[in-house]
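Here is a short report on one protein model.

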Amino acid sequence: MRDIQKLVRSLGIGGNYQGYRYLLYALSLCLQNEDYLLSVSKLLYPEIAHTYQTSASSVERNLRTVVSVCWERGNRPLLESISLCPLSSKPTIGEFLDILTEYLKDSAKKLIASNSMYLFFVALTDCIYAIFFILLRGF
């Protein structure tokens with residue numbers, strides 16, 4: 001959740017918007033189940049509305065507001081850099097969620113890969129030390 005908050009705030013969307021909370025929750029849901037990206041209006045909005053005890057139309061309106069804030073007054077260059085295609089106009093809510101979900105998934109994969117390499121080198125170093133001590137004892 002911390003990575004999601006950091007990304008959203010980096011895009012210029014602050015916690016003073018109701019849509020901020022909805023966006024964080026929407027992204028966490030989309031990361032768990034990408035089917036939400038296929039049916040934003042029918043699945044995602046009602047789920048968020050149920051959780052926050054509001055209407056789906058209120059969720060949509062508030063998410064539309066934070067997308068506009070990002071596009072008009074936020075960090076548009078960051079949004080354009082993490083998008084996998086050029087953005088010639090303000091993205092829809094579904095497109096915005098897709099861009100951020102893909103970026104977060106990619107970031108997580110890179111983190112896992114870098115941690116795996118680190119663990120590999122630690123294990124390799126341990127093996128080298130073990131071989132060195134075995135050879136040292138033999139002489």
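## Aromatic pairs

The structure holds two aromatic pairs. Rings of Phe, Tyr and Trp (its six-membered ring) pair if their centres lie within 6.5 Å; planes under 30 degrees apart count as stacked, over 60 as edge-to-face and the rest as tilted. The ring centres of Y25 and Y52 are 5.9 Å apart, and their planes stand at 80°, so this pair is edge-to-face. The pair links distant parts of the chain. Y25 sits in helix α2 and Y52 in helix α4, 27 residues apart.

Ring pairs join Y22, Y25 and Y52 into a cluster. Y52 counts as partly exposed, at 27%. Buried means under 20% relative accessible area, exposed over 50%, and partly exposed in between (1.4 Å probe, protein chains only).

## The model and its numbering

This is a predicted model: local features need pLDDT of at least 70, side-chain atom pairs count only at pLDDT 80 or more, and totals for chains, interfaces and linings use all residues. Residues are numbered from 1 along each chain as its sequence is written, and side-chain values use heavy atoms, with hydrogens and water left out.

## Overall make-up

The protein has seven helices and zero strands. From the N terminus on, its elements run α-α-α-α-α-α-α. Helices (H or I, at least four residues) and strands (E, at least two) are DSSP runs, numbered from the N terminus.

Of the 139 residues of the protein, 34% count as buried. The protein exposes about 9000 Å², and carbon and sulfur atoms supply 58% of that area. Accessible areas come from the Shrake-Rupley method with a 1.4 Å probe; for residues, only the protein chains shown count as cover. Take the contacts with a separation of 6 or more: residues 24 or more positions apart account for 54% of them. Contact means heavy atoms within 4.5 Å.

## Helix α5 and its partners

Helix α2 (residues 18-32) packs with helix α5 (residues 56-72) at an angle of about 100°, and their axes are 8 Å apart. The two are therefore roughly perpendicular to each other. Axes are lines fitted to C-alpha atoms, for helices over the stretch in contact, and angles run from 0 to 180 degrees between N-to-C directions. Angles under 35 degrees count as roughly parallel, over 145 as roughly antiparallel, 65 to 115 as roughly perpendicular and the rest as oblique. On the α2 side, Q18, G19, Y20, Y22 and L23 take part; they meet S58, V59, N62, L63 and V66 in α5. By class, this contact of α2 with α5 has six nonpolar, four polar and no charged residues. Ala, Val, Leu, Ile, Met, Phe, Trp, Tyr, Cys and Pro count as nonpolar, Asp, Glu, Lys and Arg as charged, and the others, Gly among them, as polar.

Helix α4 (residues 40-52) also packs with α5. The angle is about 105°, and the axes are 8 Å apart. So α4 and α5 are roughly perpendicular to each other. Y45, P46, I48 and A49 of α4 make the contact with A56, V59, E60 and L63 of α5. By class, the contact of α4 with α5 has seven nonpolar, no polar and one charged residues.

I4 lies in helix α1 (residues 2-10). I4 is buried, with a relative accessible area of 6%. What does I4 touch, not counting residues up to four places away in sequence? I4 touches L24, L27, S28, L31 and L104.

P91 is placed in the loop between α6 (76-82) and α7 (93-138). P91 is buried too. Its relative accessible area is 4%. Leaving aside neighbours within four places in sequence, P91 is in contact with V67, W71, L79 and F96. P91 and R64 are 27 residues apart in sequence, and 9.7 Å apart in space, C-alpha to C-alpha.

Q53 lies in the loop between α4 and α5. Q53 has a positive phi of about 50° although it is not a glycine. Q53 is exposed, with a relative accessible area of 75%.

S41 lies in helix α4. S41 is partly exposed, at a relative accessible area of 49%. The C-alpha atoms of S41 and G94 are separated by 9.0 Å, and the two residues are 53 residues apart along the chain.
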